[in-house]
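Here's a quick briefing to read with the structure open beside you. Take it slowly and find each piece on screen as you go.

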Amino acid sequence: MREIYESKDYDKAFEEFDKLLILIREQGDILKPKPVRDGDLGWTGTVFDNLTQKVHFFKSSLYAERGLGQYFKEAMLEMDKAIQANPENTDIWLNKINHFNEWRQAKEEEDGGKHPELWMEIIKSCDKVLSIKNGSTLRNLSVNDNHLVALNWKQVATGEVERWEDMIESLKNILRFDDQENPNKTITNHPVPITRIKALMLISEASHHLGRLSEAKKHLLEVQRLDPYNEIALE
């Protein structure tokens, strides 16, 4: 399957994937692998539940690579089919979020707009990931890594659409994952690196937007306690 994807002959690849789907329907989706990562069944760290899911995921990725500007609808339809194979697989949902974000970036470059509707779709997918109990146990960094990534996506997205309360809630939940002594150490890198200090700064900023100046000041003072020479907090 990987060879088909990497051929970069898109029309031929789609033809081969469609043949594979017919074969799976005829013979049954016999591959029900145990969760693995970065092995023969893995693709960019994604865990697949069965071949049907994996084929639709690959087709979605091919459409995205071919050009989300032209094939966004096709890419998302295939991603939704991959999700339907097991709606509880948070890995697939996170890849859907990536597709929405890539499409948002392409649209903004094209017309210079903000496209809050795409941020809202990202938020919906984040909420789905966060609603899945034990949906993160496949990840390596911690038992809740997928939930942590979804929280980081959500704090970014809610900030973009000025949902400050939701942004603060997401950031405080991120801080619950931080059990490190170094406040400048990254808690998670996805979709953007975030540290304890950065999270506190963002909570302060969101609180300021809500007019909660004492709360904003409290978090800035905490930043100063952790990092006395933080120029932004001092300013």
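What follows is a short tour, from the whole fold down to single residues.

Keep in mind that this is a predicted model. The protein comes to 10 helices and two strands, and 46% of its 235 residues count as buried.

**The overall picture**

- If you walk along the sequence, the elements come in the pattern α-α-α-α-α-α-α-β-β-α-α-α.
- Take the contacts with a separation of 6 or more: residues 24 or more positions apart account for 54% of them.

**Two helices side by side: α3 and α4**

- Helix α3 covers residues 51-85 and helix α4 covers residues 90-111; they pack with their axes 11 Å apart, at an angle of about 10°.
- Angles under 35 degrees count as roughly parallel, so α3 and α4 are roughly parallel to each other.
- Sorted by class, the residues in this contact of α3 with α4 are 13 nonpolar, six polar and three charged.
- Is A64 buried or exposed? Its relative accessibility is 15%, and buried means under 20%, so A64 counts as buried.
- Setting aside neighbours within four places in sequence, A64 touches A75, H99 and E102.
- A64 and W103 are 39 residues apart in sequence, but their C-alpha atoms are 8.9 Å apart in space.

**Helix α8, mostly covered**

- How many of the 14 residues of α8 are buried? The count is 10, so α8 is mostly covered.
- The buried residues of α8 are R196, I197, A199, L200, M201, L202, I203, S204, A206 and S207.
- They pack against quite a list of partners: α6, α7, β1, β2, α9 and α10.
- You can check the length of α8 too: at 1.5 Å a residue, its 14 residues should span 20 Å, and the end C-alpha atoms are 20 Å apart, which agrees.
- Just after α8 comes G211, with a positive phi of about 80°.

- Which residues of α9 are buried? They are E215, A216, H219, V223 and L226.

**A spot on helix α5**

- K124 belongs to helix α5.
- Exposed means over 50% relative accessible area, and K124 has 52% relative accessibility, so K124 counts as exposed.
- K124 and I97 are 27 residues apart along the chain, and their C-alpha atoms are separated by 9.3 Å.

- Most residues other than glycine have a negative phi, and most peptide bonds are trans.
- H115 is not a glycine, yet its phi is positive, near 55°.
- You'll find H115 in the loop between α4 and α5 (116-131), and at 13% relative accessibility it counts as buried.
- E162 isn't a glycine either, and its phi is positive at about 60°.
- Look for E162 in the loop between α6 (145-160) and α7; with a relative accessible area of 56%, E162 is exposed.
- Which peptide bond is cis? Look at the one from H190 to P191, where omega is near -5°.
- P191 lies in the loop between β1 (186-188) and β2 (194-195).

Notes. Residues numbered from 1 in each chain as written. Predicted model: local features only at pLDDT ≥ 70, side-chain atom pairs only at ≥ 80, totals over all residues. Heavy atoms only, no water. Axes fitted to C-alpha atoms, helices over the stretch in contact; angles between N-to-C directions. Helix = DSSP H or I, 4+ residues; strand = E, 2+ residues; numbered from the N terminus. Parallel < 35°, antiparallel > 145°, perpendicular 65-115°, else oblique. Nonpolar A, V, L, I, M, F, W, Y, C, P; charged D, E, K, R; others polar. Buried < 20%, exposed > 50% of the residue type's maximum accessible area, 1.4 Å probe, protein only. Contact = heavy atoms within 4.5 Å. Expected span 1.5 Å × (residues − 1).
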